[in-house]
Amino acid sequence: MNDTIAPEKGSSPEAIENHYGTGNEYFALWLGNAMAYSCALWDENDPDQSLDDAQMAKILHHCDESHARDGKHVLDIGCGWGGVMQHLVDHYNVGSVTGLTLSDSQKEWVDNKNDKRVESRLESWKDHKPKNTYDAIISIGAFEHFAKLGMSGEEKIAAYREFFLKCHSWLQPRSYLSLQTVAYGNSLTEDFDKFISSEIFQETDTPKLHEIAAGCERLFEVVRLRNDRDDYRRTLRAWYTNLRANRERAVELQGEKEVKRFERYLRLMAYMFEVGGLDLHRITLRRIDDPK
Ligand SMILES: C[S@@+](CC[C@H](N)C(=O)[O-])C[C@H]1O[C@@H](n2cnc3c(N)ncnc32)[C@H](O)[C@@H]1O
């Protein structure tokens, strides 16, 4: 991994790779065809909806909310395995998409598609120096990594503000940032399960809603905000079911201990969303062109 990347305020590249570098085949066993590692958007009136279908609805939500259609250049911060980027160039008439990730294996997955319109960069948003301004920015499931456990509320807000300032400077006037992130709900930092923070998402502290609001104040206006925490419960259950169904191969790839660790993580997280300890925010933000 490139050792010039050092997002000291959020999760380190090593912590990210420790989780996401577990192996593409392993993740493919339970994430489904979409290879989307973030909360899907489910139809509450359709209990039989498939995970892939709900992941596609999530992709469409962000492509629409970011107003990316016909954009020349779009940025995906925390692009994962590239599902959103591919959809933008294939179906939204977007000229080129730049994706940022800290995971080698995710970059390799995107590179293997060999699509000149899509570029995955092994780079933190902190180090990104765009070649051009962007017509839209999308960031799904990455914001959670931008602050570390142990940071004070003020330090977290400062880290988030740095992120929003950069997004602001990279965007064209009147354009949009579509953000999706987990946030604390009815829980305290102390409630955050030690198992999750020490063994699954190391060096990660999720935001509180007011910290996101303070971070983007007078830079972006909040156009829409929805808390879809039940969608994450449903997504985690679907991942758990897939992992159980493919358990034999998963154990071959990762070993019993690792698979058990993931099963525990998926169950615990589903519970946190079910009881409202965690929320899932989808926030549509429009750039304020003349911040006071
Ligand atoms: C949970 S995955 C979500 C991936 C994808 N957006 C999706 O929905 O499937 C989080 C992503 O954020 C990336 N990430 C975390 N911290 C980052 C940073 N500082 N700069 C850029 N990407 C980051 C990870 O490498 C990973 O691709």
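Predicted model: local features only at pLDDT ≥ 70, side-chain atom pairs only at ≥ 80, totals over all residues.

Does E221 count as buried, partly exposed or exposed? At 35% relative accessibility, E221 counts as partly exposed.

**Stop 1: E221 and R286**

Select E221 together with R286. Their side chains meet in a salt bridge, with an N to O distance of 3.2 Å. This pair links distant parts of the chain, since E221 belongs to strand β6 and R286 to strand β7 (residues 278–287), 65 residues apart. R286 is partly exposed, its relative accessible area being 27%.

L225 is found in strand β6, which covers residues 220–227. The C-alpha atoms of L225 and T284 are separated by 6.4 Å, although the two residues are 59 positions apart along the chain.

**Stop 2**

L209 has its place in helix α8 (residues 209–216). Why does L209 count as partly exposed? Its relative accessibility is 36%, and the partly exposed class lies between under 20% for buried and over 50% for exposed.

**Stop 3: the ligand**

Next, select the ligand and display the residues around it. Which residues come nearest to the ligand? Of the 21 residues around the ligand, those that come nearest are Y37, S38, G78, Q106 and I140. By class, this shell has 11 nonpolar, nine polar and one charged residues.

- Q106: an N or O atom in its side chain is 2.6 Å from an oxygen atom of the ligand.
- T101: an N or O atom in its side chain is 2.9 Å from an oxygen atom of the ligand.
- L102: a polar backbone atom of this residue is 3.0 Å from an oxygen atom of the ligand.

How much of the area that the ligand exposes when taken alone does the protein bury? Taken alone, the ligand exposes 600 Å², and the protein buries 96% of that. To see which elements give two or more residues to the shell around the ligand, colour α1 (13–20) and β2 (96–101).

**Stop 4: helix α5**

Select K107 and D111. Both lie in helix α5 (residues 104–111), four residues apart, which is about one turn of the helix. K107 is partly exposed, with a relative accessible area of 24%. D111 is also partly exposed, with a value of 36%.

**Stop 5**

Proceed to R249 and E252. A salt bridge joins R249 to E252, and the closest N and O atoms are 2.7 Å apart. Because R249 and E252 are three residues apart in helix α10 (residues 247–254), about one helical turn separates them. R249 counts as partly exposed at 33% relative accessibility, whereas E252 is exposed, with a relative accessible area of 53%.

Side chains of opposite charge can pair when their charged atoms come close. How many salt bridges does the count come to? The count comes to 25 salt bridges.

**Stop 5: two positive phi angles**

Most residues other than glycine have a negative phi. Phi of M35, however, is near 45°, a positive value in a residue other than glycine. M35 is found in the loop between α2 (24–31) and α3 (51–65). At 6% relative accessibility, M35 counts as buried.

For N93, phi is near 55°, a positive value in a residue other than glycine. N93 lies in the loop between α4 (83–91) and β2. Is N93 buried or exposed? N93 counts as exposed, because its relative accessibility is 55%.

Methods:
Residues numbered from 1 in each chain as written. Heavy atoms only, no water. Buried < 20%, exposed > 50% of the residue type's maximum accessible area, 1.4 Å probe, protein only. Near = heavy atom within 4 Å. Polar contact = N/O pair within 3.5 Å; in protein donor to acceptor, adjacent residues only side chain to side chain. Areas by Shrake-Rupley, 256 points an atom, 1.4 Å probe, with all protein chains shown as cover. Nonpolar A, V, L, I, M, F, W, Y, C, P; charged D, E, K, R; others polar. Salt bridge = Lys/Arg side-chain N within 4 Å of Asp/Glu carboxyl O.
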